[in-house]
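Dear colleague,

I am passing on the structure we spoke of, and below it you will find my notes on what turned up. Please read them with the model open beside you.

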Amino acid sequence: MARSQRQPTESNTCYRDCVIDVNPPSDKQPDPDPPDLGAGRKIIHADCDSFFASVEMRDDPSLKDLPVAVGGSPDKRGVVATCNYMARRYGVHSAMPMSRAVRLCPNLVIVRGNMAKYKEVSRQISEIFSRYTDLIEPLSLDEAFLDVSECLQHNGSATLMAQAIRRAVREELHITISAGIAPNKFIAKIASDWKKPDGQFTVTPDEVDGFVAQLPVEKLFGVGSVTAARMHKAGLRTCTDLRAQSLNDLTRSYGKFGLRLYELSRGIDNRPVRPHRIRKSVSVERTYEKDLPDLATCIHSAKVLFEDLQGRIDANNARARIDQCFVKVRFSDFTTTTVSNMGNKCTLADFEGLIHSGWQRGGQPVRLLGLGVRLAHPDAAGQLALFTDSEPESESESGSNDASS
Ligand code: DCP
Ligand code: MG
């Protein structure tokens, strides 16, 4: 079948707002033989399968049995937000340029995204979760941690609760969701991927040790490609290899993150499920259809982004917490630079000054421009702005960040 493109998206603007855990992992030294405090808890990590694509397939049955991607137009530098599992067999994946996706899968059906619809489905999914617990920590529109330790339904079996949740999502919302069930967040998150799509996997407290021992280091939250490469070079490939290192060795090599590695490689993760998360930054960025040729065009284009950013800051009630503004510039050769300055005003003139500095670092046409503000911790700003409206996060639990540098 010839590739059909349903509604090419015009906008390549995206909002990358990052959130931070209210209570980051403890910095204190572990006991020589730390008790597994997580053993008594029951955590479910639930994550929809190819979320945006599943919603689109649900709403348009003609897409059934076709490879489908949600995202922007291949002619306009659009990217793949997600694709269904059939398209994944061709090598298509999230964040890939759509132009590459259609080369890999010539009969790919491209559907424009509809964020309002996904937010509504996300709200409906949260409602189903809330039948079991109030301790729900959303990570993005389609995934959340649930602490069901105190829930008495299904004789207190988290495995049966996960089954019931998945059944409700399937029968009421007509999409599928996978789940991982474990004594802590770290293992539940990995387990939800184990039987995807439309599956679930339980790691009981007795199984934690064996399950974690064989995990590759890349699976640990905070180990991105840079840290993983460093570990491989040092002969560390699995959690078993990490366990052979003393805490001193790990902190010497990886700084503060060494303690976290020490714990995670033993299956220890005492982070609570936190219903609220705090926003750490607000930003807006745009990939242009045609490169911006010079500094003057960049300054001109920044006005629209600036307006967008103001709206986002107000929508998040974040103005009082601004303590830094930054600009991201990606040049035509894909090199990227970020320039920031301290201050809580962040006027258009401030951003223009930053663009000026950023531009000079590359001195070539610009592919992407981003404007953003970093936010002080609410305690410092004397107010508490709670994160309620989940969107895909730049600092998520996905482990894509390198935390050790
Ligand atoms: N998303 C996006 N851009 C990305 C990654 C994801 O816009 N780079 C959006 C589209 C996804 C949704 O977020 O549907 C959820 O992201 P997931 O990582 O959970 O991916 P999926 O739900 O699509 O697939 P999976 O079955 O692997 O969870
Ligand atoms: Mg998902």
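Of the 16 residues around ligand 1, those that come nearest are Phe-51, Phe-52, Ala-81, Thr-82 and Ser-94, where near means a C-beta atom, placed from the backbone, within 6 Å of the molecule. This is a predicted model, in which local features need pLDDT of at least 70 and side-chain atom pairs count only at pLDDT 80 or more, while totals for chains, interfaces and linings use all residues. Residues are numbered from 1 along each chain as its sequence is written, and chains are lettered from A and ligands numbered from 1 in the order in which they are written.

Strand 3 (43-48), helix 1 (51-59) and strand 5 (80-83) each give at least two residues to the shell around ligand 1 (helices are DSSP runs of H or I of at least four residues, strands are runs of E of at least two, and both are numbered from the N terminus). By class, that shell has 7 nonpolar, 4 polar and 5 charged residues (Ala, Val, Leu, Ile, Met, Phe, Trp, Tyr, Cys and Pro count as nonpolar, Asp, Glu, Lys and Arg as charged, and the others, Gly among them, as polar).

Helix 6 (residues 185-194) is largely enclosed by the rest of the structure, because 8 of its 10 residues are buried (20 or more other C-beta atoms within 10 Å of the residue's own, all placed from the backbone). The buried residues of helix 6 include Phe-186, Ile-187 and Ile-190, and the buried residues pack against strand 3, strand 8 (143-147), strand 9 (177-182), strand 10 (200-202), helix 7 (208-213) and helix 11 (257-264), with contact taken as C-beta atoms, placed from the backbone, within 7 Å.

Best regards

Note on methods:
Buried ≥ 20, exposed ≤ 12 C-beta atoms within 10 Å, placed from the backbone. Contact = placed C-beta atoms within 7 Å.
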